[in-house]
Amino acid sequence: MSWIIYLLLFLLMVFLIMRSRFFHLPGLHRSFPLLFFIVKVIASFAVWWIYTHHYPDRKTADIWKYFDDGNVMYSSLKDHPGDYFRMLSGIGDDVPSVGKYYHEMDHWYQQFDNHLLNDAHFMIRLNAVFRIFSLGNYHIHSLLFCFLAFIGLCALFKTFYAFLSEWKFALAAIIFFFPSLVFWTSGVLKESIMIFALGIFLYQLFKFRDDRKILRAIPVLFSILLLFLTKFYLLAALAPATIGLMLTWKYPSRALLKFSVILLACITGAL
């Protein structure tokens, strides 16, 4: 049954890729996005094979950490749905009945407290949501993560195409076929969510420059929230350039000076 769900989801994604205007990449044939997505799906099985047969320890294998802990969270839904929603929201989860699930997980608590945000929480919760209809099939989770990453990659291509249209094939090759990018965004990994959020952030940021409606700002804020929950240090790295970019849109003169001052101020503040 779970493989029927997988097939139906895959066909739905193929339909969206072929029919939605968002997935029509400028300068490329309409069949290219589907080809790129199929490459990601194939890569998702390669990632699964490596982390199943080459790195068989599920407690340390990246793709299984959040998947297995998400299963633990989901296990509370049948008999204790209140605990499930407490863990999912984080509201009122400081009760003993919830604590037993947290302690059963291997990655809910950090092994060493570095006083930074524990980005594993979001990934575990997301897998616990997907588990509702995945029937415990890892590949359904992987397919959903692949599709989210693919949305982000398409958004990145469309963003940079405006500046590199004469290099469209090289741009497409780098974004959709660069080996490490293909691998790390084709599994149940934080990088898949990160590239989704990064793509939406940049794509909608440039859209917001030309059309400053509140609806344009919502996906920008949403992507910032996702980056904060998964790869907040990437968000910190993006901050100086984003501030400089928005400032030069408003005041175009002496752009290099503005970027330099903002970067220096951010580095000083961080230190």
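Predicted model: local features only at pLDDT ≥ 70, side-chain atom pairs only at ≥ 80, totals over all residues.
Q: Is leucine 153 buried or exposed?
A: Leucine 153 is found in helix 8, which spans residues 138–164. Its relative accessibility is 3%, and the cut-off for a buried residue is under 20%. Leucine 153 therefore counts as buried.

Q: Which residues is leucine 153 in contact with, leaving aside its neighbours within four places in sequence?
A: Leucine 153 belongs to helix 8. Contact here requires heavy atoms within 4.5 Å. With sequence neighbours within four places left aside, the contacts of leucine 153 are Lys40, Ile175, Phe176, Leu181, Thr185 and Ile195.

Q: How many Å apart in space are leucine 153 and isoleucine 200, C-alpha to C-alpha?
A: In sequence, 47 residues separate leucine 153 from isoleucine 200. In space, the C-alpha to C-alpha distance between leucine 153 and isoleucine 200 is 8.9 Å.

Q: Where do the buried residues of helix 9 fall, seen down its axis?
A: The buried residues of helix 9 (residues 168–177) are Leu171, Ala172, Ile175 and Phe176. Seen down the axis, these buried residues fall within an arc of 100°, so they line one face of the helix. On the face turned away from that buried side, helix 9 carries the exposed residues Phe169 and Ile174. The location asked for is thus one face of helix 9, within an arc of 100°.

Q: Which helices do the buried residues of helix 9 pack against?
A: The buried set of helix 9 consists of Leu171, Ala172, Ile175 and Phe176. Their packing partners are helix 2 (32–54), helix 8 and helix 10 (179–184).

Q: Why is helix 1 described as roughly parallel to helix 8?
A: Helix 1 (residues 2–19) packs on helix 8 with axes 9 Å apart, at an angle of about 10°. Angles under 35 degrees count as roughly parallel. That angle therefore makes helix 1, relative to helix 8, roughly parallel.

Q: Which residues does histidine 139 touch, not counting those up to four places away in sequence?
A: Histidine 139 lies in helix 8 and is buried, with a relative accessible area of 8%. Residues up to four places away in sequence not being counted, histidine 139 touches Trp3, Tyr6, Phe45 and Trp48.

Q: What is the handedness of the crossing of helix 11 and helix 12?
A: Helix 11 (residues 190–210) and helix 12 (residues 214–230) have axes that come within 8 Å and cross at roughly 150°, which makes the two helices roughly antiparallel. The residues of their contact divide into 16 nonpolar, three polar and three charged. The crossing of helix 11 and helix 12 is left-handed.

Key: Residues numbered from 1 in each chain as written. Heavy atoms only, no water. Helix = DSSP H or I, 4+ residues; strand = E, 2+ residues; numbered from the N terminus. Buried < 20%, exposed > 50% of the residue type's maximum accessible area, 1.4 Å probe, protein only. Arc of directions from axis to C-beta. Axes fitted to C-alpha atoms, helices over the stretch in contact; angles between N-to-C directions. Parallel < 35°, antiparallel > 145°, perpendicular 65-115°, else oblique. Left-handed = near helix turned anticlockwise from the far one by under 90°. Nonpolar A, V, L, I, M, F, W, Y, C, P; charged D, E, K, R; others polar.
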